[in-house]
Amino acid sequence: MHKTVLLTAILAAYSLSATAQEQRQTLLLSPPQRAHVLAEMRGLLTGTQQLLSALAQDDLTAAAQHAQSLGMGMAGSAEHHLAQVLPPAFMQLGMSLHQDFDALAADTKTVKDPKYSLRQLAAALNKCNVCHDAYQISIADAPADEARLDEVAARGRHVMPFALEQTRHIFTKTPQGGIQQVIVIDKANTAQIALIQTHLSKIAAEFSRGDFSDPAKIHGDTMPGLATLRTAKPLQLKVAYQTLADGAQITYTSDHAELVAAVHQWFAAQLSDHARHAQAGHAHHH
Ligand code: HEC
């Protein structure tokens with residue numbers, strides 16, 4: 001993502017204190033998506049090194065250029081689909097970092113003080129740490145075979161009312177379970193937003209009652225994690241529905257390690273079954 005990224009912590013939205021490494025949320029990405037994010041990251045480090053070196057030499061002209069290249073222009077070239085598979089809080093933290101670099105570039109021309117720019121840089125680099133403490137990337141399971149993907153898509157059409165091509169599915173593993181989001185690609189697509197919200201609130205209510213028959217209809221009864229989730233007693237697995245401006249989300253939380261592991265397995269299985277859609281940028285869920 002060079003383009004994507006840097007945002008300020010709406011991490012609170014994911015209700016994690018996100019400091020300890022083992023508390024990091026796992027972003028499930030396809031191999032090309034992961035490669036893209038990491039390439040942007042290396043670009044950030046390279047650009048930061050060049051900026052630091054220019055400031056150390058009191059070269060404000062070069063510093064402004066390097067800062068500019070790390071600004072929103074870098075984010076602007078981001079592939080649209082990546083923005084759809086990364087959590088909004090992650091995107092916002094990335095964007096706010098890019099904005100810091102734009103502000104730094106502008107201030108070299110008005111404040112004209114390398115020391116001042118260095119302090120701005122130090123403050124901006126905190127956002128690298130905030131994000132690194134909060135997230136890690138993991139590769140979604142190898143895609144299932146083509147026949148299985150077709151089968152899953154066909155069965156999904158009967159169970160899920162919204163259009164796979166017009167929506168994105170984002171699965172985020174958390175230390176307490178996970179967050180499943182379905183959002184529209186075009187934010188003006190109110191018809192699909194309504195379908196997403198109706199469907200997710202329905203299945204969230206079913207899941208709360210231990211009824212996982214909808215995903216079983218699409219993916220089969222042997223889906224990893226599903227058997228364990230079905231054994232959850234009331235209150236052991238909390239399933240919370242939440243409306244989003246561009247869709248909806250379901251948050252799964254549990255204090256029981258085996259249920260947390262089951263949610264993670266179940267998320268990975270859904271991603272694998274929908275790899276083709278995920279790759280195209282619209283992974284869908286169950
Ligand atoms: C919005 C989140 C976010 C921000 C902000 C961010 N990073 Fe990253 N960065 C990541 C994630 C996620 C990884 C992958 C970590 C993992 O999977 O363990 C990563 C990995 C990296 C890597 C390893 C790349 C590789 O090829 O393995 C470098 C280097 C890096 N970041 C540098 C930076 C620098 C420098 C900054 C700030 C100028 C920064 N990052 C800001 C999210 C972020």
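Colleague: Which helices and strands each supply at least two residues of the shell around the ligand?
Modeller: First, keep in mind that this is a predicted model. The shell draws at least two residues each from β1 (6-7), α1 (31-56), α5 (88-110), α6 (114-134) and β3 (135-139).

Colleague: Which one gives the largest share?
Modeller: That's α1, with six residues.

Colleague: And which residues come nearest to the ligand?
Modeller: Leu38, Met41, Cys128, Cys131 and Ile137, out of 21 residues around the ligand.

Colleague: What classes of residue make up that shell?
Modeller: There are 15 nonpolar residues, four polar and two charged.

Colleague: Let's switch to α6. Which of its residues are buried?
Modeller: Ser117, Gln120, Ala124, Lys127, Val130, Cys131 and Ala134. Look down the axis of α6 and these buried residues fall within an arc of 120 degrees, so they line one face of the helix.

Colleague: What's exposed on the other side?
Modeller: Lys115, Arg119, Ala122, Asn126 and Asn129.

Colleague: How far apart are the end C-alpha atoms of α6?
Modeller: They are 31 Å apart. The helix has 21 residues, and at 1.5 Å a residue it should span 30 Å, so the two values agree.

Colleague: Now the sheet. What's the strand order?
Modeller: Six strands, running β3-β2-β4-β5-β7-β6. The sheet is open and the pairing is mixed. The edge strands are β3 and β6 (237-244); each has a single partner strand, so one side of each has no neighbour in the sheet. Neighbouring strands are turned by 20 degrees against each other on average, direction ignored.

Colleague: What holds strands of a sheet together, in general?
Modeller: They pair through backbone hydrogen bonds, either parallel or antiparallel.

Colleague: Do β2 and β3 run parallel or antiparallel?
Modeller: Parallel, joined by five bridges. In one of them, Leu28 has Ser138 of β3 as its bridge partner.

Colleague: And how many bridges link β2 to β4?
Modeller: Two, in the antiparallel sense. Leu27 is partnered with Thr172 of β4 there.

Colleague: How many of β4's residues are buried?
Modeller: Eight of its eight. Both faces are covered: Thr167, His169, Phe171 and Lys173 sit on one side, while Arg168, Ile170, Thr172 and Thr174 sit on the other.

Colleague: Last one. What joins β4 to β5?
Modeller: A hairpin, through two residues. The two strands pair in the antiparallel sense over eight bridges. Ile170, for one, stands opposite Gln181 in β5.

How values were computed
Residues numbered from 1 in each chain as written. Predicted model: local features only at pLDDT ≥ 70, side-chain atom pairs only at ≥ 80, totals over all residues. Near = placed C-beta within 6 Å. Helix = DSSP H or I, 4+ residues; strand = E, 2+ residues; numbered from the N terminus. Nonpolar A, V, L, I, M, F, W, Y, C, P; charged D, E, K, R; others polar. Expected span 1.5 Å × (residues − 1). Buried ≥ 20, exposed ≤ 12 C-beta atoms within 10 Å, placed from the backbone. Arc of directions from axis to C-beta. Pairing = 2+ DSSP bridges. Axes fitted to C-alpha atoms, helices over the stretch in contact; angles between N-to-C directions.
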